[in-house]
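Let's take a walk through this model together. Have the sequence and the 3D view open as you read.

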Amino acid sequence: MEVKGYDEHINSQQRQASGAGRRGMTLSAGQPSQSQSSTGAHASVGQFFDQLSASYDAAILKGIPPYAELIGSVLGYCDMDSNRPWSILELGCGTGNLSLAIREMFPKSKLTLVDLSPEMLTQAAAKLKQAGTPEDHLTLVANGFMALDFQPQSFDLVISSMALHHLLDSEKPVLYQRIFNWLKPGGLFRCVDETLSLPAFAQAKNMTLWEAWARESGATTEDLQVWIDHAEQHDHYAPLAEHFRWLQAVGFSNVDCYWRKLMWTTFGALKP
Ligand SMILES: C[S@@+](CC[C@H](N)C(=O)[O-])C[C@H]1O[C@@H](n2cnc3c(N)ncnc32)[C@H](O)[C@@H]1O
């Protein structure tokens with residue numbers, strides 16, 4: 001697992017840009033393993049987000065009109081003392097919009113950011129550095145979710161926005177089991193993600209409403225097509241009831257949905 005601080009990540013990105021190659025990254029912890037971004041089943045997801053990284057922030061506001069509300073909802077339901085030095089893992093940080101909000105809400109906490117796309121991770125790292133995050137409060141992991149390997153009971157909070165739907169349904173319960181193990185007793189899992197509405201009529205209606213809302217927010221037909229093509233290739237939405245079943249099966253309690261708008265759903269659970 002490739003674990004880095006800010007400067008180390010940026011330096012390795014620059015080495016790759018100059019042709020040194022993706023596998024040349026320095027490992028500061030854990031055993032060497034091939035990055036899922038270059039070799040695994042999710043490689044094309046990482047490539048999609050690498051290419052989108054510079055324009056992601058503008059694109060996501062048009063593609064998901066209530067994006068700010070989504071981020072606010074997943075963080076707003078973290079009922080934790082803001083003044084304590086928590087250990088927080090964010091899965092699929094992208095360009096760091098939720099990461100920055102976490103940093104503002106929990107300024108004493110240590111944050112581990114994971115993303116398959118080194119380019120998205122670079123954007124996130126730059127935002128957090130700009131916000132004055134101390135180097136020893138930030139760990140960057142450029143790897144796929146299924147390749148992660150943390151010590152048991154490492155984190156107080158595992159949080160994610162709009163990222164876990166990139167896993168296959170067969171992978172999601174496996175990841176939930178690992179998240180359960182990585183959390184300390186009393187730790188929280190919080191997630192906002194796109195879920196599949198049942199019955200099919202409701203899903204179709206949500207898609208129609210999404211399209212109209214995105215157009216009102218400035219998305220063109222081409223913008224919408226980018227997201228539709230991406231979803232067809234890379235997205236695997238599961239019904240909320242399935243997420244609940246998977247979370248409960250690995251031992252989580254207090255499994256619930258806190259907020260929902262169309263297909264975007266904020267849900268969470270507690271490790272007893
Ligand atoms: C739609 S973006 C969301 C980014 C950010 N959380 C936000 O809310 O703006 C999804 C992110 O998850 C990352 N991602 C997708 N599949 C992944 C995987 N299997 N392992 C690690 N990261 C993944 C992508 O690279 C991308 O940055």
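Is the crossing of α5 and α6 left-handed or right-handed? Bear in mind as you look that this is a predicted model. The crossing turns out to be right-handed. Helix α5 covers residues 67-76 and helix α6 covers residues 97-105, and they pack with their axes 10 Å apart. The angle between the two is about 40 degrees. Angles under 35 degrees would count as roughly parallel and those from 65 to 115 as roughly perpendicular, so α5 and α6 are oblique to each other.

Now zoom in on where these helices touch. From α5 come Ile71, Val74 and Leu75, and they meet Asn97, Leu98, Ala101, Ile102 and Met105 of α6. Sorted by class, that contact holds 7 nonpolar residues and 1 polar one, with no charged residues.

Next, the ligand. There are 22 residues around it, and the closest are Gly92, Gly94, Leu116, Ser161 and His166. Helix α6 shows up again here: along with α3 (43-52) and β3 (110-115), it gives two or more residues to the shell. The biggest share comes from α3, with 3 residues. As for the make-up of the shell around the ligand, 12 of its residues are nonpolar, 9 are polar and 1 is charged.

Finally, a word on confidence. The protein chain has a mean pLDDT of 90, and 89% of its residues reach 70 or more. Residues 19-39 are another story, with pLDDT below 50. In the model, that stretch still has 40 contacts beyond near neighbours in sequence.

Note on methods
Residues numbered from 1 in each chain as written. Predicted model: local features only at pLDDT ≥ 70, side-chain atom pairs only at ≥ 80, totals over all residues. Axes fitted to C-alpha atoms, helices over the stretch in contact; angles between N-to-C directions. Helix = DSSP H or I, 4+ residues; strand = E, 2+ residues; numbered from the N terminus. Parallel < 35°, antiparallel > 145°, perpendicular 65-115°, else oblique. Left-handed = near helix turned anticlockwise from the far one by under 90°. Contact = placed C-beta atoms within 7 Å. Nonpolar A, V, L, I, M, F, W, Y, C, P; charged D, E, K, R; others polar. Near = placed C-beta within 6 Å. pLDDT = per-residue confidence, 0-100.
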